[in-house]
Amino acid sequence: YKRLLSEAKQAHGDQLDQARKHLDAANGEKKRLAKQKGELMTAFRNQMKLIDVLKRQVIHLQAAKLLELTEEDFTRALEMGEQM
């Protein structure tokens with residue numbers, strides 16, 4: 001009976017070691033994935049900021065183009081007024 005008890009303890013100890021190794025591996029994977037998630041979220045935020053900056057640049061370029069056209073129209077109107 002002692003031998004059976006010893007074998008059962010050994011088998012149980014082996015199972016505990018395997019369970020610990022599996023748990024350690026799972027925890028390592030969890031940390032790696034959490035780090036990767038953080039990096040992806042940071043990259044996403046940076047991309048959203050860049051998109052916002054680019055949208056603002058487009059708006060400013062459009063406004064500058066409209067202002068240029070308005071200035072040209074004003075200059076033409078003045079020139080027409082001088083010719084009359």
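**Figure 1. D73 and R76 pair up in helix 1 of this predicted model.** D73 is partly exposed, with a relative accessible area of 43%. Along helix 1 they are 3 residues apart, about one turn of the helix. E72 belongs here too: E72, D73 and R76 are linked in a network of salt bridges.

**Figure 2. E29 and R32 meet in a salt bridge.** The N to O distance is 2.7 Å. Both residues lie in helix 1, 3 residues apart, about one turn of the helix. E29 counts as partly exposed at 37% relative accessibility. R32 is partly exposed as well, with a relative accessible area of 44%.

**Figure 3. R3 and E7 form a salt bridge.** Their side chains meet at 3.0 Å, N to O. R3 and E7 are 4 residues apart in helix 1, so about one helical turn separates them. R3 is exposed, at 58% relative accessibility. E7 is partly exposed, at 41%. In the whole structure, a search finds 6 salt bridges.

**Figure 4. F44, M48 and I51 make a nonpolar surface patch.** The patch covers about 280 Å². I51 sits in helix 1, which takes in residues 2–83. Its relative accessible area is 40%, so I51 is partly exposed.

Figure 5. L5 is partly exposed, at 49% relative accessibility. From L5 to L16 is 11 residues in sequence and 16 Å in space, C-alpha to C-alpha. H22 is exposed, at 60% relative accessibility. Between H22 and E71 there are 73 Å, C-alpha to C-alpha, and the two are 49 residues apart along the chain.

**Figure 6. The whole protein, for orientation, has 1 helix and 0 strands.** Its radius of gyration is 36 Å, well over the 12 Å that the globule rule gives for 84 residues, so the protein is more spread out than a compact globule. The C-alpha trace spans about 125 × 10 × 5 Å along its principal axes. Buried residues make up 0% of the 84 residues. The accessible surface comes to about 8400 Å², and 62% of that belongs to carbon and sulfur atoms. The protein has 16 positive and 13 negative charges, and the mean positions of these two sets are 21 Å apart.

Methods
Residues are numbered from 1 along each chain as its sequence is written. This is a predicted model: local features need pLDDT of at least 70, side-chain atom pairs count only at pLDDT 80 or more; totals for chains, interfaces and linings use all residues. Side-chain values use heavy atoms; hydrogens and water are left out. Helices (H or I, at least four residues) and strands (E, at least two) are DSSP runs, numbered from the N terminus. The radius of gyration is taken over C-alpha atoms; the globule rule is 2.2 Å times the number of residues to the power 0.38. Buried means under 20% relative accessible area, exposed over 50%, partly exposed in between (1.4 Å probe, protein chains only). Accessible areas come from the Shrake-Rupley method with a 1.4 Å probe; for residues, only the protein chains shown count as cover. Lys and Arg count as positive and Asp and Glu as negative; His and the chain ends are not counted. The place of a charge is taken as NZ of Lys, CZ of Arg, CG of Asp or CD of Glu. Patches are made of residues with over 30% relative accessible area and no salt bridge: like charges are joined within 9 Å, nonpolar side chains (Val, Leu, Ile, Met, Phe, Trp, Tyr) within 5 Å. A salt bridge is a side-chain nitrogen of Lys or Arg within 4 Å of a carboxyl oxygen of Asp or Glu.
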